[in-house]
Number of protein chains: 4
Amino acid sequence: MKKNKNFAGIFPYLVTPLDDKGHLKEDVLADLVDHLIGKGVHGLTPLGSTGEGPYLDWETKKRTVQVVVEAAAGRVPVIGGVNNMTTHGAVHEAAETEKLGVDGIRAVLPSYYSVDHDQIVTHFRSVARAVSCSVTLYTNPQFANWDFTVDTLRRIIEEPNVHYLKDASGNIGKLMSIVTVLGDRLKIFSATAFVPLFVFMMGGVGWMAGPACLIPEQSIALYEMARKKEWEEALEYQKKLWPLNVAFQRYSLAACVKAGLEMQGFSVGSPLAPQKQLSPEGRKDLHRILRNAGAI
Amino acid sequence: MKKNKNFAGIFPYLVTPLDDKGHLKEDVLADLVDHLIGKGVHGLTPLGSTGEGPYLDWETKKRTVQVVVEAAAGRVPVIGGVNNMTTHGAVHEAAETEKLGVDGIRAVLPSYYSVDHDQIVTHFRSVARAVSCSVTLYTNPQFANWDFTVDTLRRIIEEPNVHYLKDASGNIGKLMSIVTVLGDRLKIFSATAFVPLFVFMMGGVGWMAGPACLIPEQSIALYEMARKKEWEEALEYQKKLWPLNVAFQRYSLAACVKAGLEMQGFSVGSPLAPQKQLSPEGRKDLHRILRNAGAI
Amino acid sequence: MKKNKNFAGIFPYLVTPLDDKGHLKEDVLADLVDHLIGKGVHGLTPLGSTGEGPYLDWETKKRTVQVVVEAAAGRVPVIGGVNNMTTHGAVHEAAETEKLGVDGIRAVLPSYYSVDHDQIVTHFRSVARAVSCSVTLYTNPQFANWDFTVDTLRRIIEEPNVHYLKDASGNIGKLMSIVTVLGDRLKIFSATAFVPLFVFMMGGVGWMAGPACLIPEQSIALYEMARKKEWEEALEYQKKLWPLNVAFQRYSLAACVKAGLEMQGFSVGSPLAPQKQLSPEGRKDLHRILRNAGAI
Amino acid sequence: MKKNKNFAGIFPYLVTPLDDKGHLKEDVLADLVDHLIGKGVHGLTPLGSTGEGPYLDWETKKRTVQVVVEAAAGRVPVIGGVNNMTTHGAVHEAAETEKLGVDGIRAVLPSYYSVDHDQIVTHFRSVARAVSCSVTLYTNPQFANWDFTVDTLRRIIEEPNVHYLKDASGNIGKLMSIVTVLGDRLKIFSATAFVPLFVFMMGGVGWMAGPACLIPEQSIALYEMARKKEWEEALEYQKKLWPLNVAFQRYSLAACVKAGLEMQGFSVGSPLAPQKQLSPEGRKDLHRILRNAGAI
């Protein structure tokens, strides 16, 4: 199967459907993949924060990627998430994930001990060298005790296969600095903490998003308006979609997207404890938001 | 003198020129005001963070506002900064500042003890009730141990003369939430931690900015492109100007703007200790940036 | 009047009694001073955090120190608080405060802009050079965006009149490092965030405390047990007093101590807004604690 | 084998000796266990933060506990570390660890998503219910985005087998509050961020410590002085040992203890990347400290 090389557009962060015992619900996942591709998404990103990647054991992660790759069947690129606290573990996961047939990997470093810039650079360069496919860097400073800087990114992209960044800081100035300093060498995907439209406007190539599981068509519509440079129309549309970004920020990621998918008929189950299910009020709020967005 | 009511456009945060003993250099300030109005700025905002407002005693603050009001002579609106840790002090400063002939006040709450949402709401409402002119809310969460939320803002704008917000968090998602929830009721000025163009695009009415002291024409050009909805041209221009935002974030505010103004021939002096002057490397960096922006 | 040189023992942080308009209630303050000296306290520290020092204007601060110095009448040493964001302001306040007849000053640096180690060192050394009396360094990292380190302290005590430190971090390991590295050169006063007994045990010379306004006799009893090295008896006593430290941490400082003094018959008024008065539940809790400690 | 029930004294946090490929060096670990028991330690705690527990896969963790249990051979109690981000994973690890013959488990919750008080309580109660042995609660707020409070602890100890707490916050006031409110129901082990002597004085039953791997005899001597209530002698000894606590705080935990053990002749290898080895200067500093403590 020929690998996709250029990633652009709407890449939903897939939830990982799990039963009460924490086992992967493979059929539900395959259904969700098929549904989203049918809606026109441009790629799929299993095992992100929305996908509870840092909470899953390797066997579950491996099987998750396999199911997504098989269900996608080459129709859209699949970017497999690598979540491991150690460099040797992440290198191993990256290499094994590539063998499963993904088009790229997305590497995140969940943290425990504090790490300095050199340690961050070495970690991500080691992971990049472990694969021949494209690497997307990811961090969410809400969940980690470190963050990328323009300078650490400059050093990491000395590895030629590091092509993309998904930064979830919400700090638009930092993103502007990255874009102005590193230019096209590092392509940006928006996170939901940003206003995706502005990231598109700034040259961002797409949106890697939990909410896109729930509103794939609307996300694609926004992306297409941006591609056509219909900025004012896009802004109005962005504002209309915004409450979902807010809900996603306010409520626990997986809890919010899983609850919404259940409303849409996908039996994806609950997030793993110690995460909580969405509260009854959260559920009501989300239901209203999805209905207003035309998503249920 | 008829008061200006609608504030929009480029409002430089004026530095406060001080001599070695901390005394206001009135002539330099008047010159700077005249220079900036000549360049076309739409308003002036003395005593912000760039203006070292929280560091100055009342006599110096009062005289600063007087000099700016007199030098502006009604040509552009003047928004006086109110910086006081106590509610009764801020109320007093606000009322006295209004008497000095300003067109509006900008209220910030420097913090020592922690404050909760109720305390924040009560403080700003009290300040608003102390004046009949327009109030601009301001916070910089880098410098304070509290931040506005959509909900505290909603409660504060029950005071009818609270019209504007300048939020310096750099969190574009928070700003989008404010815009989508509060709409036109609270008009937004961009801070330099944001990408001003995106704030204009989102409906923001202007940019209150330290760097605009150094690049007034360029800031105005950016604002005008946004007004004409020349978004792509504006984006290229925004990118060109961006290094000054970065320098302003990296170096101490007053140190950076004061050093730049000295390069442009304004003898504004040094920032007050414990702030440091810009380092020789910082100076070299800033000189290069200003030259590239065509500002020296 | 001969100056006291060696400070040791219980030094209550005095509240600043204020009426509804924020004016100093001089008689109440003089009464409180007389009361506390009568109870046996070893010194007095007006204008600390409990005394709302950072919230008061210079005239009120000056008059507060004068009233305390006059009321103390040389019976115990008075350490005047210097609270000013700028170095030149703090230098001025320090020199003026010394002229009011204090035995020492206590210097704190409320923060707005961020400051680095060099700026901290220069600030405190400048303040120390402005006076000939003894200087007590103070910081509360809860209220400031900086903290002392062993190394910055080592540099500051190159000024020979810097004799004491009151650190309110609650980090006992940091204090142990200061004691083991700097030894007797910098004498330690406990803050209420620490367990005072352990600071005494470690060689600390006393306790500068808001709660000591409310429980002077009990605080002195604890200090005396420590002096006599009756460690086990002291520990039991310390445990009995502990709930007041906790209340003091939980509730706003001035609100808690002012409410307690009102219960004891001192008409000290309310803390300045935006601080809140103690809530009815807080009041009930404090009343119970004071009764259990035998303080009402 | 009869289980030990009452844990008290010096419990070194064992490093996990690993070769270049991350494989457990079983012989070195068994040697270290034998050495430390020979020195008189009162218990052993594999898989703490010093033991890189959060970085190891289950097979390595399992084998580590087995080797320690076998080498200890009932001479001292072994408390196995449970490090898992999910509740079901932690429950599984706890139950499996108990089967390996440990005398108790120590549960920590490494964090990614934010968790509230209810989620923390439910997590630790679930883990406690999974075993019949004694549970020690552990948190290090430097490494996690949550912390225990007196109230969450009160709720967790409704599980009758939760007996011990090792809090690494360094906040002595918090510990005093726990001791005064929860009394003997929750016994405290000191962490190295505290001054162990003061925790002993407060009623703490022991010290769970990385440095105790390097200075077992000295740690025991300190503990014995405290038991005999020779407080002043103990304080002098504590001060002498303090530089090792400081080094342990300053340098990465595992890096520091592993480097020291290598100096003492135990071939424990390097910490797992992204952790760094101790720098040459750190090594020199540590060597000096160990020599001064009589530990090499």
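**Reading the interfaces of a predicted model**

Author: This is a predicted model, and 100% of the interface residues of chain C are also interface residues in chain B, so the copies meet through the same surface.

Reader: What rotation superposes chain C on chain B, and how should I read it?

Author: In general, two copies of a chain are related by a rotation about an axis and a shift along it. Here the rotation that superposes chain C on chain B is 180°, with 0.0 Å of shift along its axis and an RMSD of 0.0 Å. The two copies are thus related as by a two-fold rotation axis.

Reader: How much area do chain A and chain D bury between them?

Author: The size of an interface is often given as the accessible area lost when the parts come together. Between chain A and chain D about 2700 Å² is buried, and 61% of it lies on carbon and sulfur atoms. On the side of chain A, the residues that lose the most area to chain D are A:Tyr112, A:Tyr113 and A:Pro274, which together make up 31% of what that side buries. Counted by contact, 31 residues of chain A touch 31 residues of chain D.

Reader: How many salt bridges and polar contacts are there between chain A and chain D?

Author: Two salt bridges are counted between these chains, and one of them joins the side chains of D:Lys276 and A:Asp116 at 2.6 Å, N to O. Ten residue pairs are in polar contact across the interface of chain A and chain D.

Reader: Which helix of chain A gives the most to the side that touches chain D?

Author: That helix is α4(A), with three residues, while α3 (87-99) and α4 (117-129) of chain A each supply at least two. The residues of this side of chain A divide into 15 nonpolar, eleven polar and five charged.

Technical notes:
Residues are numbered from 1 along each chain as its sequence is written. Chains are lettered from A and ligands numbered from 1 in the order in which they are written. This is a predicted model: local features need pLDDT of at least 70, side-chain atom pairs count only at pLDDT 80 or more; totals for chains, interfaces and linings use all residues. Side-chain values use heavy atoms; hydrogens and water are left out. Copies are superposed by least squares on the C-alpha atoms of residues with pLDDT of at least 70 in both. Contact means heavy atoms within 4.5 Å. Buried area is the accessible area (1.4 Å probe) that two parts lose on being put together, summed over both. A salt bridge is a side-chain nitrogen of Lys or Arg within 4 Å of a carboxyl oxygen of Asp or Glu. A polar contact is a pair of N or O atoms within 3.5 Å; within protein, one must be able to donate a hydrogen and the other to accept it, and residues adjacent in sequence count only if both atoms are side-chain atoms. Helices (H or I, at least four residues) and strands (E, at least two) are DSSP runs, numbered from the N terminus. Ala, Val, Leu, Ile, Met, Phe, Trp, Tyr, Cys and Pro count as nonpolar, Asp, Glu, Lys and Arg as charged, and the others, Gly among them, as polar.
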